[in-house]
Amino acid sequence: MNPVWRGLQAPAVVGGISVVAGWVGGASAALVALALGAPAIVAFHLWHLHLLTRWARASADADVPEGRGVWAPAFAAIYRRVRARNAYERELRNVIERFRQAASAIPDGIVVLDAANRIDWANARALTQFGLDLAKDRRRPIANLVRQPEFRRYVESGDYGASVVVTSEREAGHTLGLQLVPFAADQKLLIARDITEIEAVARMRRDFIASVSHELKTPLTVVSGFIETLQEADLDGPRRAHFLRLMQEQATSMQRLVADLLTLSALESDASPVHETRFAIAPLLSELLVDAKALSKDAHRVEVEALDDATVFAGREEIASAFGNLVSNAIRYTASGGSITLGWRVDADGSGVFTVRDTGIGIAPEHVPRLTERFYRVDRSRSRASGGTGLGLAIVKHVLLRHGAELEIASERGHGSTFAVRLPASRVERDTLIAARFANNDGGP
Ligand code: ADP
């Protein structure tokens, strides 16, 4: 029923009773009925008005009072609204909470800024990146907290198409890429990405290109100088031959460099997996011995000591090239008359260890950790003079990485060095075991 009609019911009843009372008992009876009925109706409505006012003033989660009579549907409608609003708010809170959780999980720092570039909110990563405390720093201008001049200029420029690179004030040695992203009407997101590794890779690439260019520049300058001399000067036969020999040497050193660069790039590329085979270690050591003697031109004593017979499962060519590099280094950094000793043993834990011991110039301890870096040399001119490219140990490192093997270096300046390659037990089988396996027709890995 329409609430207006419903609301008129009580006055109508009181009116009806008054009319009946007036008809039965006269005017005074009608007045008595009216005097009793009207205040009761007013009191009923005032009571509900009071309930409504009290509820409206109470906290937002106060229960909606129950109404009676004409008030019942109104209070029920309010109750339904409140319930719908509560559900909506709950859903909204869930959405906001999920958004905050997602924002916290993002590995980049995120700061929400208002129209005046003041901090509104920040995720957990940004709090550590910038040392923020939202309780204190909310509403503080971001430029007061991120003080690098590059960032200030970036904020003022209004051009946020690219990011700006700054060194972190909070995390030593870290580099941040900061980018502002405008959103909504006048707010901005500040995204702070840790680009330390990307920067390091870019720097390595730049350094590498500079080193390669530098390595090629010297022999090329020498060769072009000789070509000019040969063209301009009228040289006799022996001097001409001498110059051509020097040019040949430079060309050979460039060839070696390019060959090593290609080897390195192939080793680093995922497209060239290790061609693993099973091979006996003894013949490999015999080959290395022959090559070493040829390289030494009998200037050194070269020998193989202690040899535990074993079969290795690995890329033979790569392993031979890595071992060969160590042997060649031993010869090149050992003066004539010194001795080079090759060895192979299988340790108690099953790992196989190839060793090259020399009595050469040795290496000071501060250089040892850097020897496998590309183009790192203790003595550049000595390396060049002996035909080194500065890439040998970098190649060794990559070959060993691909085999899960390790390089161990023990050296003392002036007293020689021992370079050892430790192949994991999973790649090494003592020959006695192998014989037994083959007898059982079990080829192993
Ligand atoms: P290089 O072509 O210069 O020999 P490597 O990468 O093979 O380059 O070696 C890096 C540097 O390590 C060498 O320049 C040299 O200074 C040092 N080195 C390597 N092997 C030995 C060794 N057996 N004795 C002394 N120094 C060595």
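1. Ground rules. This is a predicted model; local features need pLDDT of at least 70, side-chain atom pairs count only at pLDDT 80 or more, and totals for chains, interfaces and linings use all residues. Residues are numbered from 1 along each chain as its sequence is written, and side-chain values use heavy atoms, with hydrogens and water left out.

2. Overall shape. The chain has 14 helices and 13 strands. These are DSSP runs, numbered from the N terminus: helices are H or I with at least four residues, strands are E with at least two. The C-alpha atoms fill a box of roughly 155 × 70 × 35 Å along the principal axes. The radius of gyration is 44 Å, whereas a compact globule of 445 residues would have one near 22 Å. That radius is taken over C-alpha atoms, and the globule rule is 2.2 Å times the number of residues to the power 0.38.

3. The antiparallel sheet. Here 5 strands form an open sheet in the order β2-β1-β5-β4-β3, with antiparallel pairing. Two strands pair if DSSP finds at least two bridges between them. β2 (119–122) and β3 (164–167) each have a single partner strand, so one side of each lacks a neighbour in the sheet. Neighbouring strands are turned by 25° against each other on average, direction ignored. Angles run from 0 to 180 degrees between N-to-C directions; axes are lines fitted to C-alpha atoms, for helices over the stretch in contact.

4. Details of that sheet. Strand β1 (residues 109–113) pairs with β2 in the antiparallel sense over 3 bridges. Val111 stands opposite Ala122 in β2. Helix α7 (residues 149–157) packs on the sheet and touches β3, β4 (175–183) and β5 (187–194). Contact means heavy atoms within 4.5 Å. The direction of α7 makes about 155° with that of β3.

5. The mixed sheet. Another 5 strands form an open sheet in the order β7-β9-β10-β12-β11, and the pairing is mixed. Its edge strands are β7 (301–307) and β11 (406–412), each pairing on one side only. Strands β10 (residues 352–358) and β12 (residues 416–423) run antiparallel and are joined by 6 bridges. Gly352 has Leu423 in β12 as its bridge partner.

6. Helix α10 (residues 281–296) lies across β7, β9 (339–346) and β10, at about 165° to β7. Helix α11 (residues 316–332) lies across β9, β10, β11 and β12, at about 20° to β10.

7. α8 against α9. The axes of α8 (residues 196–232) and α9 (residues 237–268) come within 10 Å and cross at roughly 160°. That makes α8 roughly antiparallel to α9. Angles over 145 degrees count as roughly antiparallel, under 35 as roughly parallel, 65 to 115 as roughly perpendicular and the rest as oblique. The contact includes Phe208 and Val212 of α8, and Phe243 and Met247 of α9. By class, it has 17 nonpolar, 3 polar and 2 charged residues. Ala, Val, Leu, Ile, Met, Phe, Trp, Tyr, Cys and Pro count as nonpolar, Asp, Glu, Lys and Arg as charged, and the others, Gly among them, as polar.

8. α9 against α13. The axes of α9 and helix α13 (residues 392–403) come within 10 Å and cross at roughly 20°. The two helices are therefore roughly parallel to each other. Among the contact residues are Asp260 and Leu264 in α9, and His398 and Arg402 in α13. This contact has 6 nonpolar, 2 polar and 3 charged residues.
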